[in-house]
Amino acid sequence: MATPGKPARYDRNLVVIGGGAAGLVTAYIAAATRAKVTLIEAGRMGGECLNTGCVPSKALIRSARLAQQIRQAADLGLGGGEPVVDWRRVMQRVQDVVQAIAPHDSVERYTALGVEVLHGQARLCDPWTVEVQLHDGGTRRLSTRAIVLATGARPVLPAIPGIDAVEALSSETLWAALAARDAPPPRLLVLGGGPMGCELAQALQRLGSQVTLLEQGPRLLPREDEDVAALARQTLEREGVRVLTGCRALRFERAGAMRRLWVEGDAAPLEFDTLLCATGRQPRLQGLGLEDLGLDTGAPLDVNACLQTRWPHIYVAGDVASPIPSTPVAAHQAWYAAVNALFGSLRRFKVDYRVVPQAIYLDPEIARVGLTEAQARQQGVAYELTRFEFSALDRAVTDGATAGYVKVLTVPGKDKLLGATVVGEHAAELLPQFTLALQHGLGLNALLRTLHAYPTLGEVSRQLAGQWRRAHVPQWIYPWLARYHAWRRG
Ligand SMILES: Cc1cc2nc3c(=O)[nH]c(=O)nc-3n(C[C@H](O)[C@H](O)[C@H](O)COP(=O)(O)OP(=O)(O)OC[C@H]3O[C@@H](n4cnc5c(N)ncnc54)[C@H](O)[C@@H]3O)c2cc1C
């Protein structure tokens, strides 16, 4: 029986709403498989990652890292000292980096790939019709066989009394605000001790701000193991960031240029001139007409393992409904959303979240894949832990980068990996060895048998595997070996 209102024919196979990581990859796959696809973006192509997320933050972190290396140059026998920060040039470079990467996500590139790109605000008039308020005037109505919602998430400011008076910045507004300044904010208050709060706190402290990082939970980086979070805190504090955990913000006050935050239990308020909130995000679901289709936008969207909403031809991808908000997960989901939306009548795939690498770009970096110790304990998974220190790795010693370690969880008595965490120089670049092993069922013995150039940081996986192997050589073999060699000596 036909569904009431369902058209007999459609203008296109797929409409993708949102041109961020998830939407771009979805549209790319659709065009590559010769589907007729339209991508609608209301803001800037590339979405958050390119414009206000990964790219500008990593460009800023690059300058901050060099500033710190200049401070530490004397350790390597070079003249160093306090770096001279040309703030306008730092921020100009951040914008230049965004511009350099922008062509990868541009209208021109996607049009050449076969995607119709429209600039405007999209909403669903009915389950098969998307209306676009075009930015250059007019509206268009598109009928489509399937829809992928890839509208991302927006930062949420906490409901703390007085916050409206202190011009709180979020990841969306931070970059323009920083670019408008001649110098970094002298006293920066960062609310939220998750990855974004920690990364930006360290970067801005290194570039000259006096940063206070306030987290209401008992510790920073709550999704990381305690030892990892403790090392991150230690590093931030050593570099001068004032870290306050278990602190509840009560109210903000403003008197002229002076801004203050009263914190529970403190006799005196915290004074600051710039506030950055890194306090969470909510899916961008408003204004899309979803309520009229019976989809609940007050809570996270109810989607199944194939990324379908209650309307089986309306899919989601990316931060709008992701258990792990990140660019690679958005792109990973996009594959499933595109393939299921276009070929689902033949076969549908459930998203596989088992091997998801994640990184925090603090210095030293933190990167992990598979289970953490805390997750293993929580899930009742038995594990054996092997840990290898960067201080025992020759290349880390030559480079003066001995802070950090690798810890790997394996099935007890076996070399089968359950998870790996790397904390140290270039941790995110070292992780893929473990990701590959986990994804393809390679054990620590396989890593041990893999030659690495010497001296490299990459050897850390082999060294760790060697340590695991030594701990698992059966002890009975040693007397036998001694007897064998004695026999050979005659
Ligand atoms: C400071 C910061 C640093 C980060 N660093 C990293 C990192 O290092 N690594 C990492 O993996 N992740 C990082 N992230 C997270 C990463 O940016 C996101 O996970 C990723 O960009 C999500 O992509 P998306 O496509 O789901 O959403 P988005 O990129 O937000 O794209 C959604 C798009 O939909 C558009 N849209 C919304 N509604 C409509 C509508 N009605 N009509 C038309 N268009 C609409 C929006 O304009 C937007 O462009 C960072 C985030 C921040 C804030």
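**View 1. Gln 68 and its contacts.** Leaving aside neighbours within four places in sequence, Gln 68 is in contact (heavy atoms within 4.5 Å) with Arg 206 and Glu 239. This is a predicted model, in which local features need pLDDT of at least 70 and side-chain atom pairs count only at pLDDT 80 or more, while totals for chains, interfaces and linings use all residues. Residues are numbered from 1 along each chain as its sequence is written, and side-chain values use heavy atoms, with hydrogens and water left out. Gln 68 sits in helix α3; helices here are DSSP runs of H or I with at least four residues, strands are runs of E with at least two, and both are numbered from the N terminus. The side chains of Gln 68 and Arg 71 are joined by a polar contact of 2.8 Å. A polar contact is a pair of N or O atoms within 3.5 Å; within protein, one must be able to donate a hydrogen and the other to accept it, and residues adjacent in sequence count only if both atoms are side-chain atoms. An α-helix has 3.6 residues a turn, so residues three or four places apart point the same way. Gln 68 is buried, with a relative accessible area of 10%. Buried means under 20% relative accessible area, exposed over 50%, and partly exposed in between, with a 1.4 Å probe and protein chains only.

View 2. A side-chain N or O atom of Lys 58 is 2.8 Å from an oxygen atom of the ligand.

**View 3. Two cis peptide bonds.** Most peptide bonds are trans. The bond from Asp 363 to Pro 364 is cis, with omega near 0 degrees, and Pro 364 is in the loop between β16 and β17. The bond from Tyr 454 to Pro 455 is also cis, with omega near -10 degrees; Pro 455 lies in the loop between α13 and α14.

View 4. Most residues other than glycine have a negative phi. Leu 221 has a positive phi of about 40 degrees, in the loop between β8 and α8, and is buried at 2% relative accessible area. His 426 has a positive phi of about 55 degrees and lies in the loop between β20 and α12. His 426 is partly exposed, with a relative accessible area of 35%.
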